[in-house]
Each structure stands twice: as C-alpha cells, then as structure tokens.
Amino acid sequence: MWESLEHVGWVTVLANTGWMYVTVSVVHYFTLLFFIGTIVLVDLRILGIADRNQTISLLADQLLPWTWIGFALAMISGFLLFTTDAGDYAPDHVFQAKMLVILLAVVFTVVVQRGLRKWNQLPAVPASAKVIAAVSLMLWLGAILAGVDIAALSGLG
C-alpha cells in the first residue's frame, strides 16, 4: 500500500524535482520551528519562566492562532515529504514513535489551551497546570529528537 503511494504521479514529480522537494522541506522545517516555538512560549509562560508581564490569556490569544496555522502547514508539508518515501517510513519503528509522540504532544497542547482561561483567573497557576505545560514541552522536544534521530537510527532520510 505505502509503496504504491510513492508511485502516484504528483508524488513522483515531487520526489524527482529538486527545487520542489527542497521547497517543501524548507516549509516543513520552518513551520515546525514556528509552531513549536509558539507552544513553547505559552508553556514557559505557564511555568512562570517567560513573559511574566503578560497574562497567560493575552499571550495565548496572540500566539495560538498562529500556532495552528503553522501546525496545519507542517502537517501538510510533512505528509508531502512522507509520500516520497512512504514505503520506507511507514514500517519504521522510530518514525512510528515520532508520530505517537507528536499525537501525545498535540493532545497536551489542546489540554493547555482548554485550561488557559481558567488558570489565568486564579491567583496563581496551579501545580497541575505547570505539570501539564512541562509534559507538553518534553513531548515536543521528544518529537524533535525523534525526527532528527530517524536518519541516525534507521538510516532513512
């Protein structure tokens, strides 16, 4: 199934046209850094480390719309990159671990977003919110490290 995806016409064009593949790669890495950076800023604010002069809600209101735009672009570009070597990546355990960590990180990011308004109204950010933000940070770091380690551990990429 995955090998057949590699042979679809537009995937073959993407894989064999250097500037197209490089453009999609640059978009993917830029949007990853962009959206994970916005998540990290909000998580660090919840932990009381970053931007203490703004409320959590105000910072989130400014960043989170951009977070999800960046996330959508990263997922689209990531899928495009995946299609060019789907037969190799899909069965790879490191790639599968990366996808699982990304899924968990997204879940924790959504949990953070849902709790922001409530946490902002309290006199102090609860310890549970700080734990959730810290786990979110660790999961995104894990996703980045898993993505980087695919080449080293599996020989792919």
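Biologist: How many helices and how many strands are there in the protein chain?

Modeller: This is a predicted model. From the N terminus on, its elements run α-α-α-α-α-α-α. The protein chain has 7 helices and 0 strands.

Biologist: What box do the C-alpha atoms of the protein chain fill?

Modeller: The box is taken along the principal axes. Inside the chain, buried residues make up 39% of the 157 residues. The C-alpha atoms fill roughly 55 × 25 × 25 Å.

Biologist: Are H4 and H6 roughly parallel or roughly antiparallel?

Modeller: Helix H6 covers residues 93-121, and its axis lies 11 Å from that of H4. The two pack at an angle of about 160 degrees. Angles over 145 degrees count as roughly antiparallel. So H4 and H6 are roughly antiparallel.

Biologist: Is the crossing of H4 and H6 left-handed or right-handed?

Modeller: The packing angle of H4 and H6 is about 160 degrees. Their crossing is left-handed.

Biologist: Which elements give two or more residues to the nonpolar patch?

Modeller: The patch has an area of about 580 Å². Val27, Phe30, Phe34, Trp66, Ile69 and Leu73 make it. The elements that give two or more residues are helix H3 (18-46) and helix H4 (56-84).

Biologist: Is Ile69 buried, partly exposed or exposed?

Modeller: Ile69 sits in helix H4 and is part of the nonpolar surface patch. Its relative accessible area is 45%. Exposed means over 50% and buried under 20%. Ile69 therefore counts as partly exposed.

Biologist: Is Gly78 buried or exposed?

Modeller: Gly78 is found in helix H4. Its relative accessibility is 19%. The limit for buried is under 20%. So Gly78 counts as buried.

Biologist: How many Å apart in space are Gly78 and Val27?

Modeller: Val27 is one of the residues of the nonpolar patch. In sequence, Gly78 and Val27 are 51 residues apart. In space, C-alpha to C-alpha, the distance is 9.1 Å.

Methods: Residues are numbered from 1 along each chain as its sequence is written. This is a predicted model: local features need pLDDT of at least 70, side-chain atom pairs count only at pLDDT 80 or more; totals for chains, interfaces and linings use all residues. Side-chain values use heavy atoms; hydrogens and water are left out. Patches are made of residues with over 30% relative accessible area and no salt bridge: like charges are joined within 9 Å, nonpolar side chains (Val, Leu, Ile, Met, Phe, Trp, Tyr) within 5 Å. Accessible areas come from the Shrake-Rupley method with a 1.4 Å probe; for residues, only the protein chains shown count as cover. A salt bridge is a side-chain nitrogen of Lys or Arg within 4 Å of a carboxyl oxygen of Asp or Glu. Helices (H or I, at least four residues) and strands (E, at least two) are DSSP runs, numbered from the N terminus. Buried means under 20% relative accessible area, exposed over 50%, partly exposed in between (1.4 Å probe, protein chains only). Axes are lines fitted to C-alpha atoms, for helices over the stretch in contact, and angles run from 0 to 180 degrees between N-to-C directions. Angles under 35 degrees count as roughly parallel, over 145 as roughly antiparallel, 65 to 115 as roughly perpendicular and the rest as oblique. A crossing is left-handed if the near helix is turned anticlockwise from the far one by less than a right angle, and right-handed if clockwise.
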